[in-house]
Amino acid sequence: GLAGMFADSPDFAGGERITIFTYGSGSQGEFYTARICPGASERIRALNLEKKIEQRVPVSVAQYEEIENRRETELIDNGNVTADRSGFGNVYERNYAGQGLLVLEGVEDYIRHYTWS
């Protein structure tokens, strides 16, 4: 929501104060203020978030359940994992490879290792 505010609104001047309210899963809410850094709107617009949203891949309920089952049985509390980038029609290759984004490479002895795409 915060990124959307910057992407769709006129430029905010650096130093302006905004208030943010978040509400958790029913057990917590937070209300705080922040100051906007200079150039925030330009930086967010440069991310081209609309394009990224358009690149989302729809998944069926069965695919979602498969992902969640694998996450629960193979990934949670597993100290050694290698990132699998092969699923869902080469989403990684189409949207991440060569983009210079920080992506999880794997976990070794519970230590996460990242690399640039």
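A: Helices and strands are here DSSP runs, of at least four residues (H or I) for a helix and at least two (E) for a strand, numbered from the N terminus. The model is a predicted one. With these terms, Tyr 110 is placed in the loop between β4 and β5.

Q: What is the phi of Tyr 110?
A: Phi of Tyr 110 is near 70 degrees, which is a positive value in a residue other than glycine.

Q: Where is Asp 109, and what is its phi?
A: Asp 109 also belongs to the loop between β4 and β5. Its phi is positive, about 50 degrees, although Asp 109 is not a glycine. In the hairpin of β4 and β5, two residues stand between the strands.

Q: How many bridges join β4 to β5, and do the strands run parallel or antiparallel?
A: Six bridges join β4 to β5, and the two strands run antiparallel. Among the partners, Leu 104 is bridged to Tyr 114 of β5, and Val 107 to Arg 112 of β5.

Q: Which strands form the open sheet, and which are its edge strands?
A: Three strands form the open sheet, in the order β3-β4-β5, with antiparallel pairing. The edge strands are β3 and β5, because each pairs on one side only.

Q: What makes strand β5 hardly covered?
A: Buried means under 20% relative accessible area. Strand β5 comprises residues 111–116, and the count of buried residues among these six is zero.

Q: How do you know that the length of α4 agrees with its number of residues?
A: The expected span is 1.5 Å times one less than the number of residues. The 15 residues of α4 should therefore span 21 Å, and the end C-alpha atoms are 20 Å apart, which agrees. After α4 comes Asp 77, whose phi is positive, near 60 degrees.

Q: What lines the largest pocket?
A: The largest pocket is lined by 22 residues, and those nearest its centre are Arg 70, Leu 75, Ala 83, Asp 84 and Arg 85. Two or more lining residues come from each of α4, β3, α5 and β4. The largest share, five residues, comes from α4. By class, the lining has 12 nonpolar, four polar and six charged residues. The space in this pocket is about 830 Å³.

Q: How much space lies in the second largest pocket, and which residues are closest to its centre?
A: About 360 Å³ of space lies in the second largest pocket. It is lined by 13 residues, of which Lys 52, Gln 55, Asn 95, Tyr 96 and Leu 101 are the closest to its centre. Helix α5 gives the most to this lining, with three residues.

Definitions and conventions. Residues numbered from 1 in each chain as written. Predicted model: local features only at pLDDT ≥ 70, side-chain atom pairs only at ≥ 80, totals over all residues. Heavy atoms only, no water. 1 Å grid on protein atoms, 1.4 Å probe; cavity = no way out; pocket = protein on both sides within 12 Å on 5 of 7 lines; lining within 4 Å. Points joined across faces, edges and corners; volume = space filled by probe spheres on them. Nonpolar A, V, L, I, M, F, W, Y, C, P; charged D, E, K, R; others polar. Buried < 20%, exposed > 50% of the residue type's maximum accessible area, 1.4 Å probe, protein only.
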